[in-house]
Amino acid sequence: MRNRAFEKQCTAEESRHTTATKPIRHTGLTLFALALGTFAIGTGEFGSNGIIQLFSSSLGVSIPVATYAITAYAFGVMFGSPAITILAARMNRRTLLLGLMVLFLIGNMLSAIAPNIAMLIVFRFITGCVQGAYFGAGAVVAAYVYGPGKGGKAFATVMGGLTIATIFGSPLGTFIGQSASWRVTYWTVVGVGVLATLALFAWLPRTDELRGGSVTSELGALRRVSVWLMVAVAALGISSIFAVYTFIGPFVTDAAHRSPSVIPFALAVFGLGMAAGNFLGGRVADRHESRGLTWGFGGVLVLLVVIGVAGSNLAVLMPALFGVGATMMFAIPTIQVRLTNAAPDAPTLMGALNLAALNLANSLGAIGGAFTLDAGWGTLSTVWAGLALTSAGLLLFAAVVLRAKPAPAVAEAVAAGAGV
């Protein structure tokens, strides 16, 4: 999902950590273990969206209230992940990844036994704290394992686990929840997480080359206005994908009046769109500074109108879901490349901040959709919240970001990197 956008991060980490001359054993198995971890994390994240109706009914709360659990996870990524990244800066990446997976297992086990919505919200927040920190640490290990010159390719392999989760993991989790219980969905995520933890323990390299380092210089990037502008563009613009994805279940059952058994297929269609958009958007992001974002945001705005007007027809809803996933993912690599370019001297923290921005979008999309539902505007009204948010993001990008000049510190960092 975040493949090519992290290439600069991987390259920077590669130069910092890849100093060993001995070949790395089990390269393929190590990358598989990392990808299995992102698959487990992605299945838990996106799978929660597919079972929102189930735990809403089970815990005796409305769907708008149930979305707070989705929002809590997003806040965990936004605030917990950067905090963990900073606090664990000096920790060996192998140790950090294993510790994060243990926290992931605990969070999902507690989610599976949550007695009420308040506790589920707390437990989803704890679980969300893992995501961004895992991706940042995974970038370091992937770049180290693949060796010089292949950092982007390595991280693309790892991030493939998250894309696969949107296509297979989330629909399967929804199916399990419908067939058994939403609690069983979380226990299934725990099972996958256990396998990932064992794989990481067995195949992650045991070496001091993966030791951590100081983040003092990276923290300085937080003073740059360009970084926060791109975070705002991402948070506003991408939110529409979650104003749709979070409510796919109600779209299918309440708007299109189809059986809940159709929901996993709708989630899979959306995931396929995301995979296609990510592949094409990554290529465009490498060649153009802004085209991927403007085309992606513009395309999703059109599709949101289509869903809002005619989404009650399943023949319209399904291709539109594919289109929303594809067009928004087409924009995301460009957003992330620009964010990383805004602070090329702070790659690790920017990796965590990338995920924080996306999950702020998750929160905004879920909150906006819940607001329209609470107002009684109808099941499909969530897309209008997404339309307003993405329009604001596109306007901010066009009116402010494109006209802003890079800070002197950024230019110096880029020049220094080119001279290495």
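## How helix packing is described

Before we look at any pair of helices, a word on the angle: axes are lines fitted to C-alpha atoms, for helices over the stretch in contact, and the angle between their N-to-C directions runs from 0 to 180 degrees. Two packed helices are then described by that angle together with the distance between the axes. Please keep in mind throughout that this is a predicted model.

## Helices α11 and α18

Helix α11, residues 225-237, packs against helix α18, residues 382-401, at an angle of about 155°, and their axes are 7 Å apart. Angles over 145 degrees count as roughly antiparallel, so α11 is roughly antiparallel to α18. The crossing of these two helices is left-handed.

Which residues of α11 and α18 meet? From α11 come Leu229, Met230, Ala232, Val233, Leu236 and Gly237. They meet Leu389, Thr390, Ala392, Gly393, Leu396, Phe397, Val400 and Val401 in α18. Sorted by class, this contact has 11 nonpolar residues, three polar ones and no charged ones.

## Helices α2 and α9

A second pair is formed by helix α2 (residues 27-50) and helix α9 (residues 182-203), which pack at an angle of about 160° with their axes 8 Å apart. Because of that angle, α2 is roughly antiparallel to α9. Here too there is a left-handed crossing, between α2 and α9.

On the α2 side, the contact includes Leu29, Phe32, Leu36, Gly37, Phe39, Thr43, Gly44 and Ser48. On the α9 side, Tyr186, Val189, Val192, Gly193, Leu200 and Trp203 are among the residues that take part. By class, the contact of α2 with α9 has 15 nonpolar and six polar residues, and no charged residues.

## The protein in overview

Stepping back, the secondary structure comes to 19 helices and zero strands. The protein has 420 residues, and 59% of them count as buried.

How much of the contact in the protein links residues 24 or more positions apart? Among contacts with a separation of 6 or more, such pairs account for 86%.

Val300 sits in helix α15, which covers residues 291-310. Is Val300 buried or exposed? Its relative accessible area is 0%, so Val300 is buried. Beyond residues up to four places away in sequence, Val300 touches Ser240, Val324, Thr327, Met328 and Thr390. Val300 and Gly386 are 86 residues apart in sequence, yet their C-alpha atoms are 9.5 Å apart in space.

Phe125 belongs to helix α6, residues 117-128. With a relative accessibility of 34%, Phe125 counts as partly exposed. Leaving aside neighbours within four places in sequence, Phe125 is in contact with Ala72, Tyr73, Phe75 and Gly76. Between Phe125 and Ala69 there are 56 residues of sequence separation and 7.8 Å from C-alpha to C-alpha.

Thr253 lies in helix α13, residues 248-255. Buried means under 20% relative accessible area, so Thr253, at 17%, is buried. Its contacts, apart from neighbours within four places in sequence, are Gln53, Arg258, Ser259, Pro260 and Ile263.

Definitions and conventions:
Residues numbered from 1 in each chain as written. Predicted model: local features only at pLDDT ≥ 70, side-chain atom pairs only at ≥ 80, totals over all residues. Heavy atoms only, no water. Helix = DSSP H or I, 4+ residues; strand = E, 2+ residues; numbered from the N terminus. Parallel < 35°, antiparallel > 145°, perpendicular 65-115°, else oblique. Left-handed = near helix turned anticlockwise from the far one by under 90°. Contact = heavy atoms within 4.5 Å. Nonpolar A, V, L, I, M, F, W, Y, C, P; charged D, E, K, R; others polar. Buried < 20%, exposed > 50% of the residue type's maximum accessible area, 1.4 Å probe, protein only.
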